[in-house]
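Subject: Handover of a structure and notes on its contents

Dear colleague,

Please find the structure below, followed by a written account of what was found in it. I would be grateful if you would read the two side by side.

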Amino acid sequence: MERSLRNVLVVSFGFLLLFTAYGGLQSLQSSLYSEEGLGVTALSSLYGGVLLSSTCLPPLLIKKFGCKWTIVLSMCCYVAFSLGNFYASWYTLIPTSIVLGLGAAPLWSAQCTYLTIMGNTQAEKVGKVGRDVVNQYFGIFFLIFQSSGVWGNLISSLVFGQTPTQEAIPEEQLLSCGASDCLMAMASTNSTQRPSQTLIYTLLGIYTGSGVLAVLLVAVFLEPIKDAQQKDDGEKKLPFWFTLLSTFRLLRDKRLRLLVLLPVYSGFEQAFLAGDYTRSYTTCALGIQFVGYVMICFSATNALCSLLYGRLSQHTGRIALYSLGAVTHLSCSVALLLWRPDPRQLAMFFVFSGLWGVADAVWQTQNNVLYGVLFEKHKEAAFANYRLWEALGFTVAFGYSKFLCVSTKLYILLGVLSLAMVAYGTVEHLEAQSLARSAATEQKKPAKEAVMETAM
């Protein structure tokens, strides 16, 4: 096996183990800790930490420790969150959520930087186009990474499936499920009652062990890597404040200012699935024991489509994939506004989560590749910006989760997605114009040289 592919697999399986734990916990927060909105408040605090760390930490840590050890240190923050869930309260869950958030931005920025450098390095060796190899590596990564949702949610469903069978959900409660839900964020019903403490401890023990294994795998087997650009500039020691402000300095680029809505929407749509679809649709109409199974469907389609898009993009281009993602999410959002959840329509709960995964795979693979390709010379700052704006989307979405009806949240999703697609189309137009000017310049050079030779 070639060296670059082996490192991609080490990163991928490390994230698989880590997010088997975190993904399962995130899906359950709003249902497991529904009293006084502790669950969604913890998630909002978590992404508030991501928002804070995205402003400065990723470039600093990556330059100080390199991609490998930044990933290792950040993974330890995720393990701390699992430990905080053992004694879940406002004094343990909120601080550990913030710690996880502080580690999340450096983790993802380091991972994206590592795969981009590895892809470009491998492309140079084999004589391929850099973005094609980077696309392929991100496809492999997200295939393995997104399957973490399958394993994490399967574990939670199997563990909580040992809970005694609950009574049928009354018709009155079903009337307030789905888009009509305006109270579930603060109310606890029979369907949202927590499983026994023994089952919760069993689940948390499994998740914590998975996180520890992820840290060890990356620490032992992942090879450190240096960007060629960093090697060339190795003698230049950049001032602390220069590195600190690099994330914001990149916002002077018009393309980045237009693209910020893509990660903002990514945060909004993931927050809706984790905080609202799991609670207001699945838990409300079916019970908490079905959350894991429904999320498995999302994760499975997400993982398969991530690999598919990595290969398809070489033939279709990214515009076709972005169009697919936008149409799918627009259709799902409209359908969720109209659909009234009913336990007798069990398949529909899985259809919606599966289609959500089909579209989410577009944002997760293509957004990262787009940022890596457009801002290749400033990868750390670009990916830090991506996590910053995605975290803002998460924070705002989880923040208003307790105060808005689900129907209002769906209208917000529709509006943000529409604006994001208009902005993205503008960037593609600017890139096409730039490429046309470059091609025209290249064509003029031979003509000028021919004229000079004739004159001589």
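The side chains of R3 and E223 form a salt bridge, with N and O 2.7 Å apart; the term denotes a side-chain nitrogen of Lys or Arg within 4 Å of a carboxyl oxygen of Asp or Glu. R3 belongs to helix 1 (residues 3-32) and E223 to the loop between helix 8 (197-221) and helix 9 (228-232), so the pair ties together parts that are 220 residues apart in sequence. Helices (H or I, at least four residues) and strands (E, at least two) are DSSP runs, numbered from the N terminus. R3 is partly exposed at a relative accessible area of 38%, and E223 is likewise partly exposed at 22%. Here buried means under 20% relative accessible area, exposed over 50%, and partly exposed in between (1.4 Å probe, protein chains only). R3, R6 and E223 are linked in a network of salt bridges.

The model is predicted: local features need pLDDT of at least 70 and side-chain atom pairs count only at pLDDT 80 or more, while totals for chains, interfaces and linings use all residues. Residues are numbered from 1 along each chain as its sequence is written, and side-chain values use heavy atoms, with hydrogens and water left out.

The count of salt bridges comes to 8. One of them joins R318 and E428, at 2.6 Å from N to O. This pair links distant parts of the chain, with R318 in helix 15 (residues 318-338) and E428 in helix 18 (residues 406-455), 110 residues apart. R318 is partly exposed at 22% relative accessibility, whereas E428 is buried at 13%. Another salt bridge connects D276 with R279, whose closest N and O atoms are 3.1 Å apart. Both residues lie in helix 13 (residues 261-285), 3 residues apart, about one turn of the helix, and both are buried.

As for the chain overall, it contains 18 helices and 0 strands, and 56% of its 456 residues count as buried. Among contacts with a separation of 6 or more, 87% are between residues 24 or more positions apart; contact means heavy atoms within 4.5 Å.

S44 is buried at 17% relative accessibility, and A391 is buried at 1%. Leaving aside neighbours within four places in sequence, S44 is in contact with T395, F398 and G399, and A391 with Y47, V50 and L51.

Helix 4 (residues 93-126) also deserves a look. Of its 34 residues, 26 are buried, so helix 4 is largely enclosed by the rest of the structure. Helix 4 bends by about 25° at G103, and a proline, P106, follows within four residues; the bend is the angle between axes fitted to the seven residues ending at a residue and the seven starting there. Just after helix 4, G127 takes a positive phi of about 75°. Helix 5 is mostly covered as well, with 13 of its 17 residues buried.

Yours sincerely
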